[in-house]
Amino acid sequence: MKSINIYSGNQQRVELEQLFQAQLPAYDPDGYFKPLPHSVMHQQTVTLIEELGHTITDSQFHMTDNHMRALGIYQFESQLDDDFNNAVTFFNSNDKSSATKMAAGKIQTVCLNSCITGEVVYKTQHTKHIMSRLPYLLGDAVTKIGQYVKHQEQMHIAYKRVTLDSENTDSQHQILVDHIIMEASRAKVIANTAIPNVEHQYWVPKHEEFTYDGYSLHRLHQAFTQNFQDKKYPYQRMARSSLDLQRIFNRIFAPQIQQVIDEMAILAERTN
């Protein structure tokens with residue numbers, strides 16, 4: 001099971017029961033701020049994932065600051081590819097330091113200082129009407145996250161099927177690889193000093209499974225990821241660099257990626 005990276009200086013992992021037992025601060029009916037039980041966010045997130053038709057495979061919970069802040073992380077398997085898990089996270093703060101937030105993604109970097117990195121995020125303030133807004137936000141999140149998860153799974157398969165050597169000579173293949181790596185360097189995905197390592201990881205991957213799909217985009221992506229790990233990138237930089245790299249891939253290989261997605265759609269229609 002793929003793990004979700006968490007960084008915080010004072011995080012405390014807790015059981016679900018502790019999440020439900022966390023006490024709320026005093027509530028002033030005439031004031032602007034209304035505390036939201038962490039248990040409500042848990043129930044909302046579980047409902048969202050069930051509405052998407054997925055089964056939660058793993059979950060974990062963290063609280064800080066006298067249990068005033070809580071983070072919930074829920075993983076569920078991809079329906080198209082068993083190579084990775086999807087995840088939904090929530091962050092709830094009852095110390096007036098942050099809005100309630102929810103994020104979803106294939107790669108998650110979540111910090112208990114309330115910084116959430118994900119492709120889909122919603123947030124709402126702790127006003128007295130927060131409970132009436134949550135059902136509408138949840139409905140919107142079901143649609144957005146459902147679309148996001150499907151797209152990410154399609155892109156993951158496309159990266160495995162799009163190859164860099166299929167229509168190129170050996171020299172053209174080398175030139176294409178060099179061009180992509182240089183594009184990533186110019187976009188500051190990697191430092192110039194990392195170029196040789198990324199290229200080496202592409203031609204001679206550290207892990208044999210990255211060779212199974214030939215000279216694919218997935219293989220090149222893993223070459224960059226291996227460099228992130230070798231250089232011990234902070235989690236937030238790793239997530240940002242990975243997203244920037246995907247934008248480069250999606251721009252350069254847009255026609256090939258779209259062709260794979262179209263072929264998948266045709267196959268899905270035939271099997272339904």
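**View 1. Lys-232 follows helix α6 with a positive phi.** The phi of Lys-232 is near 55°. Most residues other than glycine have a negative phi. This is a predicted model, in which local features need pLDDT of at least 70, side-chain atom pairs count only at pLDDT 80 or more, and totals for chains, interfaces and linings use all residues. Residues are numbered from 1 along each chain as its sequence is written, and side-chain values use heavy atoms, with hydrogens and water left out.

**View 2. Helix α6 covers residues 217–230.** Helices (H or I, at least four residues) and strands (E, at least two) are DSSP runs, numbered from the N terminus. At 1.5 Å a residue, the 14 residues of α6 should span 20 Å. The expected span is 1.5 Å times one less than the number of residues. The end C-alpha atoms of α6 are 20 Å apart, which agrees.

**View 3. Helix α6 is largely enclosed by the rest of the structure.** Twelve of its 14 residues are buried. Buried means under 20% relative accessible area, exposed over 50%, partly exposed in between (1.4 Å probe, protein chains only). Among the buried residues of α6 are Leu-217, Leu-220, Phe-224 and Phe-228. His-218, Arg-219 and Gln-222 are also buried.

**View 4. Lys-96 sits in the loop between β5 (85–93) and β6 (100–105).** Its phi is positive, about 70°, although Lys-96 is not a glycine. Lys-96 counts as exposed, at 63% relative accessibility.

**View 5. Lys-188 lies in the loop between α4 (170–186) and α5 (195–203).** Lys-188 is not a glycine, yet has a positive phi of about 65°. With a relative accessible area of 68%, Lys-188 is exposed.
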